[in-house]
Structure formats: structure tokens, C-alpha cells
Amino acid sequence: MAAKSQPSVPKAKSGDSVTNDRTASQGQWGRAWEVDWFSLGSIIFLLLCAPFIVYYFIMACDQYSCALTGPVVDIATGRARLSDIWAKTPPITRKAAQLYTLWVTFQVLLYTSLPDFCHKFLPGYVGGIQEGAVTPAGVVNKYQINGLQAWLLTHLLWFANAHLLSWFSPTIIFDNWIPLLWCANILGYAVSTFAMVKGYFFPTSARDCKFTGNFFYNYMMGVEFNPRIGKWFDFKLFFNGRPGIVAWTLINLSFAAKQRELHGHVTNAMVLVNVLQAIYVIDFFWNETWYLKTIDICHDHFGWYLGWGDCVWLPYLYTLQGLYLVYHPVQLSTLHAVGVLLLGLVGYYIFRVANHQKDLFRRTDGRCLIWGKKPKVIECSYTSADGQRHHSKLLVSGFWGVARHFNYVGDLMGSLAYCLACGGGHLLPYFYIIYMAILLTHRCLRDEHRCASKYGRDWERYTAAVPYRLLPGIF
Ligand code: NDP
């Protein structure tokens with residue numbers, strides 16, 4: 001079942017010299033048109049369970065000092081009932097609702113009302129108005145890139161408050177962590193539902209909408225490709241970057257402040273988690289223009305997966321290491337700390353260089369040097385839904401010649417470093433590396449499926465030239 005589809009893509013214009021499989025690429029590029037039983041089952045499972053998974057982790061920290069098995073064991077042995085655990089869970093509060101509203105409003109204002117000025121004085125930084133990739137319908141959107149500026153201003157205000165203004169305690173995020181979780185859920189569901197309704201009734205670009213005929217799939221994976229309000233408020237760019245990634249470093253700072261308040265000092269593990277994750281976050285904003293060319297923007301539609309995921313999953317589960325260290329102030333030996341730092345930095349180096357190589361290669365249309373040499377290239381072509389033929393190139397040099405997604409390997413090394421900073425006392429901080437391994441392996445398969453549809457035989461030539469996906473000789 002569930003394979004009901006309503007593709008309404010215009011037919012491709014005929015042309016003789018398309019090198020890929022035109023039929024396969026037409027209309028298949030982007031997220032799926034059809035839903036199989038396995039995908040549908042996974043989606044319903046996630047829609048039902050993901051909010052409880054997040055709640056379980058945060059509650060386990062709040063009530064069981066981050067022992068993941070604690071609640072299950074208590075319930076199984078009759079020491080506690082679900083209702084007891086629920087009764088001890090802090091409810092939503094007026095203060096949390098006000099804080100969250102203020103936070104989101106502030107980020108909306110920074111995003112919409114303050115054109116980028118960082119690119120005017122930061123050498124090498126690309127901000128201001130930039131173009132995204134060609135959408136499946138052949139549209140090229142313009143974006144106001146001002147995330148670095150929003151991050152800087154938000155953090156300046158945070159430090160000004162902590163050291164001068166004292167408007168609020170730096171522990172404010174930790175102190176309201178569960179009440180804020182309810183607020184984040186409300187926003188996550190509201191924005192996903194709004195995006196779905198908008199996709200049906202007033203889409204920004206109707207030709208870039210996809211309907212599978214399955215309500216749950218449409219809700220989860222999104223209908224609209226790039227929903228916008230007005231000319232500039234882009235849902236994908238805003239929700240991923242602002243309530244999600246700007247918050248990441250603030251949350252960690254709040255956890256560090258709480259650790260100091262409770263234990264009198266900030267441990268080297270907390271410093272490592274703050275520093276390594278801050279590098280990742282600053283990198284994201286420094287390269288926000290590059291983000292326009294990633295799968296989130298180029299392939300994924302905006303549904304619950306991105307809307308709720310950015311509001312709830314990312315800020316709550318990506319910050320578990322810092323939360324754990326509030327309850328367990330791990331102080332690492334120098335050797336352990338240096339090992340974690342090196343792993344994190346090498347992972348970051350691979351992640352950044354691999355992403356940079358592809359970005360440079362695509363921006364210069366291959367007229368660049370990769371590892372000091374002219375890059376090896378596979379010429380390819382594809383057809384967008386408006387029937388236009390486009391040409392592109394696949395890089396076969398540098399990290400893209402080592403494996404087809406070596407950038408993910410760097411990301412995984414960095415993720416493992418955050419977890420190892422928490423020592424071996426509990427499983428909870430290791431959730432991140434388990435999740436990232438599943439996410440990136442699945443993403444790799446998803447991406448390759450799309451690239452195969454988009455480029456057809458040209459993609460086969462690339463997989464023949466670079467046979468491994470992530471790790472040479474293994475996968
Ligand atoms: P990539 O940056 O790897 O982009 C994949 C796309 O790049 C493909 O769809 C294809 O797009 C193009 N491409 C593939 N192979 C080549 C090649 N050889 N030469 C040129 N272009 C190629 O994927 P993501 O967007 O998933 O990841 C970006 C980064 O973000 C990664 O480093 C990842 O680790 C990280 N990430 C982090 C997450 C987190 O939660 N922390 C979540 C997701 C990603 P095209 O159609 O343009 O050809």
C-alpha cells in the first residue's frame with residue numbers, strides 16, 4: 001500500500017545528449033514521491049515516540065542523575081509508577097513561556113531586521129545576500145546570510161549579562177530546562193503543522209511541493225521544499241540555525257555555570273565539551289553560505305522532521321554531554337583530556353577540509369587545486385522538473401576520492417570526542433555518537449539513492465571510481 005503518489009511534475013523537454021537516465025531523474029530528485037511500508041512504520045514510530053525519547057533522557061537526568069536504566073528498573077521492580085515519575089516532572093511555567101517567547105522573538109528579529117554587516121569587516125567571511133542551489137523545479141532562492149552576526153550578538157549579550165548587567169542568572173537555561181522543553185515542543189508542533197497547511201493552501205513555490213497521498217509521510221517529511229513568509233523569512237534556514245544551533249552554545253554555557261554553582265568549579269571535561277562543540281557551531285555560522293548547498297537545504301522538504309527536530313531534538317539531545325556533566329562533574333586525567341582534544345580536532349579538520357574541498361570545487365567549477373593538484377572530475381548532467389537540463393561535476397580527488405562521504409567520518413570522530421569527554425560512568429552521554437552513526441549512515445544511503453536518481457549513469461561512474469561510502473575497505 002501506501003504507494004499512492006500524485007506526481008504532478010511537468011514532462012521533460014526532449015534532448016539528445018543527456019548523459020544520465022532521464023526517466024529516473026525526472027521528478028525523483030528531492031525526497032521520495034512514494035512511501036513503502038517500512039518508511040511509513042518508521043515515521044509513525046518516530047512521530048509517536050520521539051517526544052517521549054527526549055523526555056525520557058531529560059527526566060532520567062533530572063530524577064535519576066542520568067542513569068538511563070533507573071526509571072525502567074524502578075517501574076519494573078514496583079519502586080515507582082509512571083504516575084510518580086510524571087508527578088515529579090516540572091510542568092510548563094509562565095516564566096518559561098515568557099523566556100522562550102522572548103528568545104524566539106529575539107532570534108526572529110536578528111534574522112529578519114538586521115542585514116549582515118560581518119562580511120564588511122571579517123576577511124574571508126561570506127555573508128549578506130547569497131544564492132541557494134537549483135531546486136527540483138528549477139528555482140534559485142536568495143538568502144540573507146546573517147547567522148554569524150546573530151550568534152555574535154546573542155553571545156555578546158549573554159556575556160554582558162553574566163559579567164556586567166546581571167539581568168538574569170547564567171544558570172537560567174538549566175534551571176528551567178524541563179519547563180522550556182514543553183515550550184520547545186509547542187513551537188515544534190506548531191511550526192510543522194503550519195508548514196503542512198501552508199504547503200496545501202498557500203505554498204511559496206507550488207512546483208516545489210511534493211504530496212505522497214500519505215498524511216503521516218507528508219507531515220513528517222514535509223510538503224513544501226522552501227517555505228517562506230515574505231521574501232526573506234526562510235523556514236529551513238531560520239529553524240535549523242537559530243532556535244537550534246545558536247541555542248546550542250548558550251545551553252552549554254548555562255550548564256557550565258550550573259556546574260560551577262553546584263560544585264564550586266568547572267571541570268576540564270565541561271571545558272572540552274564547551275570548546276569542541278563551540279568550534280562546530282561557529283564553523284556552521286562562518287560557513288552558513290555553504291550550508292545552503294547541503295542536503296537539508298538542497299533536498300529535504302520542511303516538515304516535522306526539520307521543524308520539530310530543530311526546536312526540540314537538536315537543543316535537547318545534542319547537549320546531553322553538558323547536562324550529564326552538571327550531575328557528574330568528571331575531571332579527566334591530562335592524558336585522557338589531550339586524547340579527547342586531539343580526536344575532536346582531527347575529526348573537525350577532516351569534516352571541515354572535506355566540506356571545503358567540495359564547496360571550493362563546486363564554486364570554481366573545478367578550476368581549483370585539491371591537495372595541491374588539479375582535481376579529477378566526473379562530468380554529469382541532470383534534468384530539473386521544469387525540463388531544463390543542467391550540467392554539474394563530481395569531485396574524485398581529495399577526501400572525495402578516499403570515500404564518497406568522508407566528511408561524515410570527520411563528523412563522527414568529533415561526536416565521539418564529545419562523548420569520551422564524559423568518561424565511562426554512564427551510557428547517557430554516548431547516545432550522541434550512537435545517534436550520529438545511525439543518522440549519518442542513513443543519510444549517506446538516502447543521499448546516494450537521490451544522487452543515483454539525479455545523475456543516473458554518471459553516478460555509477462563515480463561509485464566505480466570511489467567504491468566505498470564511508471570507510472575505505474569497510475563500508
Ligand atoms: P554533503 O555535504 O556530503 O552533500 C551531499 C551532496 O553533495 C550530494 O547530494 C551531492 O549533491 C553532492 N555531492 C556528492 N558527492 C559529490 C562529489 N564527489 N563532488 C561534488 N559534489 C558531490 O551532505 P550533508 O548535507 O548531509 O552534510 C554536510 C555536512 O553536515 C556533513 O559534514 C555532515 O557530517 C554534517 N551534518 C551534520 C548533522 C548533525 O546533526 N550534526 C546532520 C547532517 C549533516 P548535488 O546534488 O549538488 O550533486
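The centres of domain 1 and domain 3, taken over C-alpha atoms, are separated by 34 Å in this predicted model. The protein is divided into domain 1 (38-89), domain 2 (92-331) and domain 3 (334-474), with bounds from an automatic or database domain assignment. Residues are numbered from 1 along each chain as its sequence is written. Local features need pLDDT of at least 70, side-chain atom pairs count only at pLDDT 80 or more, totals for chains, interfaces and linings use all residues, and side-chain values use heavy atoms, with hydrogens and water left out.

Six residues of domain 1 are in contact (heavy atoms within 4.5 Å) with four residues of domain 3. About 440 Å² is buried between these two domains, 86% of it from carbon and sulfur atoms; buried area is the accessible area (1.4 Å probe) that two parts lose on being put together, summed over both. On the domain 1 side, Phe-57, Cys-66 and Leu-68 lose the most area to domain 3, together 73% of what that side buries.

The ligand is surrounded by 27 residues, each with a heavy atom within 4 Å of it; Asp-411, Arg-443, Asp-447, Lys-454 and Tyr-455 are the closest. Domain 2 and domain 3 each contribute at least three residues to this shell. Helix H20 (431-455) gives the most, with eight residues; helices are DSSP runs (H or I, at least four residues), numbered from the N terminus.

Ligand oxygen atoms lie 2.5 Å from a side-chain N or O atom of Asp-447, 2.7 Å from one of Lys-358 and 2.9 Å from one of Asn-407.

Note on methods
A polar contact is a pair of N or O atoms within 3.5 Å; within protein, one must be able to donate a hydrogen and the other to accept it, and residues adjacent in sequence count only if both atoms are side-chain atoms. Helices (H or I, at least four residues) and strands (E, at least two) are DSSP runs, numbered from the N terminus.
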